[in-house]
Amino acid sequence: MKASPAQARTVEAGLPAEAEEVAFDIKNFSLWYGQRQALQDVTIRIPAKKVTAIIGPSGCGKSTFLRALNRMHELTPGTRLEGSLRHFGEDLYGPGVEAVAIRRRVGMVFQKSNPFPTMSIAENVLVGLRLNGVRDKRVLQSRLEESLHMAALWDEVKDVLNRPGTSLSGGQQQRLCIARSLAVQPETLLMDEPCSALDPLATAKIEELIQTLRERYTVVIVTHNMQQAARCSDRTAFFYLGRLIEFGNTRNIFTSPSNPQTEAYVSGRFG
Amino acid sequence: MTESPYLPTPQFARWRKAKSSAVTGILVACALAVIAPLFLVIYFLLEKGFSSLDWNFFTQLPKPTGEVGGGMANAIVGSVVLLAMATVFGVPFGIFGGIYLAEYGSDRANNWIRFAADVLNGVPSIVWGMVVYLLLVVPFKGFSAYAGGVALGLMMVPLVMRTTEEVLILVPQSYREAALALGVARWKMIVVIVVRTALKGIATGVIIALARIAGETAPLLFTALGNTFWSHNLKEPISALPLQIFAYGLSPYDDWHRQAWAGALVLMALIIVLNVTVRVLSRDRSKTD
Ligand SMILES: Nc1ncnc2c1ncn2[C@@H]1O[C@H](COP(=O)(O)OP(=O)(O)O)[C@@H](O)[C@H]1O
Ligand SMILES: [Mg+2]
């Protein structure tokens with residue numbers, strides 16, 4: 001099915017202005033799990049150094065979309081995709097492009113916090129650097145502090161850096177995972193419902209942290225919580241049944257969406 | 001007051017109670033039958049062997065035929081050497097095989113490898129001895145500690161491989177994804193994250209395999225052969241507790257019978273220690289998870 005003219009227009013309206021730097025330039029992107037199509041003809045330009053929220057009902061393809069952005073979906077056997085995906089101009093799926101190299105530039109934070117159970121807090125933060133061959137003690141120490149500061153965790157853990165990462169509270173663990181992703185200095189951070197397992201206080205901390213991240217990073221965050229999208233994102237993309245229905249400034253999406261399906265979803269009438 | 005029709009009559013209740021305690025009794029008897037042999041083994045070993053466990057037993061070589069006294073020092077050291085060699089030869093293959101099964105292989109290939117491992121697990125230990133005899137003893141013209149270590153190591157491979165696979169599969173997928181999302185190469189992720197997370201489980205598997213082979217006699221008969229002296233060269237025959245027990249147990253001398261019991265007691269103690277280690281390791285694991 002082709003997108004209707006109305007849909008096409010709203011998508012156009014959400015595209016960033018020419019002057020704005022684009023992080024992900026995605027054209028006619030479709031993805032299949034075996035025979036089953038999970039994403040259909042998605043065209044979107046995600047701006048750099050902004051927070052873009054992906055919303056939509058469960059099963060509409062949010063995680064699938066996010067995982068295609070750093071090729072994590074390749075861990076699922078039998079997936080296939082079409083279309084063009086570029087990250088700061090570089091073709092993510094170009095010949096000779098390695099997923100490992102992409103993932104160093106495009107980090108990911110998962111729904112359930114997953115610090116490595118065998119490692120201390122410091123080791124968790126530095127594991128990505130160490131495994132990529134960084135040995136210099138001074139570099140490691142400064143990255144450790146910098147990443148924990150960025151993740152708003154430094155003050156809470158600076159005296160217990162050698163305790164196991166799993167000894168922290170749920171919200172702290174999630175911030176530790178954010179610090180771990182930031183330590184390898186990605187340009188973009190993908191977050192898949194990073195707060196859905198956290199209490200409101202811990203959620204507030206992470207939302208606050210996302211605000212500071214946008215100064216240095218491009219953030220794409222999947223959330224099923226519309227208040228969260230409204231509170232902490234600059235742009236919002238609404239997905240439904242594997243299609244991008246509407247993409248635009250967060251304020252517009254939540255106050256005056258141009259598509260009736262978007263309107264129904266953000267006003268809580270379905271999903 | 002009329003009796004409720006749903007309440008059993010007193011006779012019936014008594015009959016039911018009797019049946020219930022009869023069944024309970026049978027079950028308790030079966031449970032006892034399962035653990036009784038262990039106590040019998042320990043009882044006989046202690047009764048027959050404990051009195052012979054003196055300092056000499058652990059420090060002296062066997063005395064020449066007919067002379068009283070001596071010990072099994074060389075057999076104890078030999079067993080330790082053979083187990084160490086078996087670990088060196090067998091465990092890497094077992095662990096790498098388990099990693100392959102859990103992290104790489106296709107479903108079809110894995111099915112065949114698992115089937116092969118299960119068949120290997122069932123190969124009688126004397127057959128391992130004969131195979132290694134043909135592979136190492138005949139070509140190198142002599143029994144050797146190497147051949148014994150290889151025979152025992154081969155027996156460890158399928159055991160270690162299957163337990164390694166099982167514990168690796170238990171490592172949550174989310175750790176693998178977290179590591180890969182940091183731009184870490186797959187093999188590094190497997191070694192540093194998956195294997196390290198499962199290390200205790202792998203160690204447990206290795207110790208279980210060691211406990212299984214520690215008392216094996218048959219594979220050593222055609223390979224390590226046994227030795228009544230210290231062996232100073234791994235290319236020469238080496239003594240081992242089970243071999244020494246076998247030789248002494250078949251002998252016509254009372255003093256050697258006495259020492260065979262003592263040797264069996266030491267061997268059994270070693271195996272119990274290995275099993276207790278496994279218990280302690282697994283208990284720690286369930287606590288941290
Ligand atoms: N590994 C998979 N294999 C097959 N189908 C999948 C797989 N993962 C997701 N899907 C399907 O793709 C669709 C989108 O899933 P997902 O991206 O997880 O949705 P969301 O994150 O929006 O809830 C769903 O219909 C889901 O059933
Ligand atoms: Mg999802």
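Predicted model: local features only at pLDDT ≥ 70, side-chain atom pairs only at ≥ 80, totals over all residues.
1. Composition of the ligand site. The residues around ligand 1 are from chain A: Tyr33(A), Arg36(A), Ala38(A), Ser58(A), Gly59(A), Cys60(A), Gly61(A), Lys62(A), Ser63(A), Thr64(A) and Thr76(A). Sorted by class, this shell contains three nonpolar, six polar and two charged residues. Two elements of chain A, strand 2 (36–47) and helix 2 (62–68), each contribute at least two residues to the shell. Helix 2 of chain A provides the largest share, with three residues.

2. Polar contacts of the ligand. A backbone N or O atom of Gly59(A) is placed 2.7 Å from an oxygen atom of ligand 1. Gly61(A) likewise has a backbone N or O atom by an oxygen atom of ligand 1, here at 3.1 Å. Tyr33(A) takes part through its side chain, of which a polar atom lies 3.5 Å from a nitrogen atom of ligand 1. Taken on its own, ligand 1 has 560 Å² of accessible area, and the protein covers 65% of that area.

3. A nonpolar surface patch on chain B. Six residues, Val28(B), Leu32(B), Val34(B), Ile35(B), Leu38(B) and Phe39(B), make up a nonpolar patch on the surface. Their accessible area together is about 580 Å². One of these residues, Leu38(B), is located in helix 1 (residues 10–49) of chain B. Leu38(B) has a relative accessible area of 41% and is therefore classed as partly exposed.

4. The loop at Pro124(B). Pro124(B) sits in the loop that separates helix 4 (107–122) from helix 5 (125–137) of chain B. With a relative accessible area of 47%, Pro124(B) is partly exposed. Leu135(B) is eleven residues away from Pro124(B) along the chain, and the C-alpha atoms of the two residues are separated by 17 Å.

5. A salt bridge between two helices of chain A. Over all chains, a search of the whole structure finds 18 salt bridges. One of them joins Glu207(A) to Arg231(A), with the closest N and O atoms 2.6 Å apart. Glu207(A) belongs to helix 8 (residues 200–213) of chain A and Arg231(A) to helix 9 (residues 226–232) of chain A, so this pair ties together parts that are 24 residues apart in sequence. Glu207(A) is buried, its relative accessible area being 8%.

6. The pair Glu165(B) and Arg114(B). In chain B, Glu165(B) forms a salt bridge with Arg114(B), and the closest N and O atoms of the pair are 2.6 Å apart. This pair links distant parts of the chain, since Glu165(B) is in helix 6 (residues 145–170) of chain B and Arg114(B) is in helix 4 of chain B, 51 residues apart. Is Glu165(B) buried or exposed? Glu165(B) is buried, with a relative accessible area of 3%.

7. Arg162(B) forms a salt bridge with Asp118(B), the distance between the closest N and O atoms being 2.8 Å. Because Arg162(B) lies in helix 6 of chain B and Asp118(B) in helix 4 of chain B, the pair ties together parts that are 44 residues apart in sequence. Arg162(B) counts as buried at 19% relative accessibility, whereas Asp118(B) counts as partly exposed at 42%. Through salt bridges that share partners, Arg114(B), Asp118(B), Arg162(B) and Glu165(B) are joined into one network.

8. Positive phi at Asn28(A). Asn28(A) is not a glycine, although its phi is positive, at about 45 degrees. This residue is placed in strand 1 (residues 22–33) of chain A. At 44% relative accessibility, Asn28(A) counts as partly exposed.

9. Positive phi at Glu193(A). Glu193(A), also not a glycine, has a positive phi of about 45 degrees. Where in chain A is Glu193(A) placed? Glu193(A) is in the loop between strand 7 (188–192) and helix 8 of chain A. Its relative accessible area is 12%, so Glu193(A) is buried.

Methods. Residues numbered from 1 in each chain as written. Chains lettered and ligands numbered in written order. Heavy atoms only, no water. Near = heavy atom within 4 Å. Polar contact = N/O pair within 3.5 Å; in protein donor to acceptor, adjacent residues only side chain to side chain. Areas by Shrake-Rupley, 256 points an atom, 1.4 Å probe, with all protein chains shown as cover. Helix = DSSP H or I, 4+ residues; strand = E, 2+ residues; numbered from the N terminus. Nonpolar A, V, L, I, M, F, W, Y, C, P; charged D, E, K, R; others polar. Patch = residues over 30% accessible without salt bridge, like charges linked within 9 Å, V, L, I, M, F, W, Y side chains within 5 Å. Salt bridge = Lys/Arg side-chain N within 4 Å of Asp/Glu carboxyl O. Buried < 20%, exposed > 50% of the residue type's maximum accessible area, 1.4 Å probe, protein only.
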